[in-house]
Amino acid sequence: MSPIYLFSEWATGLGTFSNNLSNIVNDNVNLNKEIEDLKKQNEELRLSYALMLKDIQNLYEEKAFQNFKAQNPKFKLLRALVLYRTEPFYQDLIINVGSNDGVKIGMPVISDGCIVGLISDVGPNFSKVSYIGDKSVKIPVKLNGSNLYGILEGTGSEQLVFSVPSVFAAIHPLEVLVTASVPSSLLPPNIPVAKIMTLREVGSLNTVFTAVPIKQIQTVNEVWVYLGS
């Protein structure tokens, strides 16, 4: 076999290899472009889905607000947005209304028809909401549908404590505690706050139950400050 033939075969093979390599490179370039296009489409879909969820949440909050107003036509309510959540545990809220809007310390804050906290600090254009789970918060409540009154206190966690005089009627798990209207309180009457969970302790003066908030503050994006009625 002549050297010329061998060289020709080698050159032909090299050309074929070069063409195959070029095709592989082009295929990879096209594949990477398709992957990038798919990533972009995926991000657009995720954004569209997030916006759709936000629209649904806004509609739900608007409907909840209008329903609550219809059920309590005398209540003066101020809608507010959550600006951010404060540490620790992101349980306190900073909202976008303040003294310029008539907000005062001690006013209750409502979300989805339930008490979630009390105004604990006020600036001209913002306010701080302390969650009902905060140790500083004490709310006069009563067992829904009865005259059994007591105090609901925060513990710094999702577990609340409900103290009542030791002589009490039977209390069952999941019974609802609502706000009690007392002379020194800014609370509206009969607004749901928490649910009874278990008996904690029985003392000579008080019996204590554990309870949990009906509405957890971590899920709140909009609130309604109760200004009075």
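Val202 in β10 has Thr207 of β11 as its bridge partner, and β10 and β11 form a hairpin with three residues between them. Strands here are DSSP runs of E with at least two residues, and helices are runs of H or I with at least four, numbered from the N terminus. This is a predicted model, in which local features need pLDDT of at least 70 and side-chain atom pairs count only at pLDDT 80 or more, while totals for chains, interfaces and linings use all residues. Residues are numbered from 1 along each chain as its sequence is written, and side-chain values use heavy atoms, with hydrogens and water left out.

- Six strands close into a barrel in the order β6-β7-β8-β11-β10-β9, with antiparallel pairing (two strands pair if DSSP finds at least two bridges between them).
- Neighbouring strands of this sheet are turned by 45 degrees against each other on average, direction ignored (axes are lines fitted to C-alpha atoms, for helices over the stretch in contact, and angles run from 0 to 180 degrees between N-to-C directions).
- β10 and β11 are joined in the antiparallel sense by six bridges.
- β9 (residues 176-179) pairs with β10 (residues 192-202) over three antiparallel bridges; Val178 has Pro192 as its bridge partner in β10, and Leu177 has Ala194.
- β6 and β9 run antiparallel and share three bridges, and Leu143 stands opposite Leu177 in β9.
- On β7 (residues 149-153), five antiparallel bridges connect to β6, and Ile151 is the bridge partner of Pro140.
- The β6-β7 hairpin has five residues between its strands, and Gly145 takes a positive phi near 80 degrees there.
- Strand β6 (residues 138-143) is largely enclosed by the rest of the structure, because five of its six residues are buried (buried means under 20% relative accessible area, exposed over 50% and partly exposed in between, with a 1.4 Å probe and protein chains only).

**The other barrel**

- A closed barrel of six strands runs β1-β2-β5-β4-β3-β12, and its pairing is antiparallel.
- From one strand to the next, the twist averages 45 degrees.
- Strand β2 (residues 92-95) is joined to β5 by three antiparallel bridges, with Lys128 in β5 as the bridge partner of Ile94.

**Two buried polar residues**

- Ser130 sits in strand β5 (residues 127-131) and is buried at 5% relative accessible area.
- The side chains of Ser130 and Ser120 make a polar contact of 2.8 Å (a pair of N or O atoms within 3.5 Å; within protein, one must be able to donate a hydrogen and the other to accept it, and residues adjacent in sequence count only if both atoms are side-chain atoms).
- Although Ser130 and Asp92 are 38 residues apart along the chain, their C-alpha atoms are separated by 4.9 Å.
- Thr210 belongs to strand β11 (residues 206-213) and is buried, with 7% relative accessibility.
- The side chain of Thr210 has a polar contact of 2.8 Å with the side chain of Thr198.

**Nonpolar core**

- The largest nonpolar core has 46 residues, of which Ile95, Ile139, Leu152, Phe162 and Val225 touch the most other members (a core is a set of buried Ala, Val, Leu, Ile, Met, Phe, Trp, Tyr and Cys residues joined through side-chain atoms within 4.5 Å).
- Beyond its neighbours within four places in sequence, Phe162 is in contact with residues including Val141, Leu152, Leu177, Ile196 and Val208 (contact means heavy atoms within 4.5 Å).

**Salt bridges**

- The whole structure has six salt bridges (a side-chain nitrogen of Lys or Arg within 4 Å of a carboxyl oxygen of Asp or Glu).
- Glu222 and Arg79 form one, with their closest N and O atoms 2.9 Å apart.
- Glu222 lies in strand β12 (residues 222-228) and Arg79 in strand β1 (residues 76-86), so this pair ties together parts that are 143 residues apart in sequence.
- Glu222 is buried at 9% relative accessible area, whereas Arg79 is partly exposed at 29%.
- Glu62, Arg79 and Glu222 are linked in a salt-bridge network.
- Arg46 and Glu43 form a salt bridge with closest N and O atoms 3.2 Å apart; both lie in helix α1 (residues 3-71), three residues apart, about one turn of the helix.
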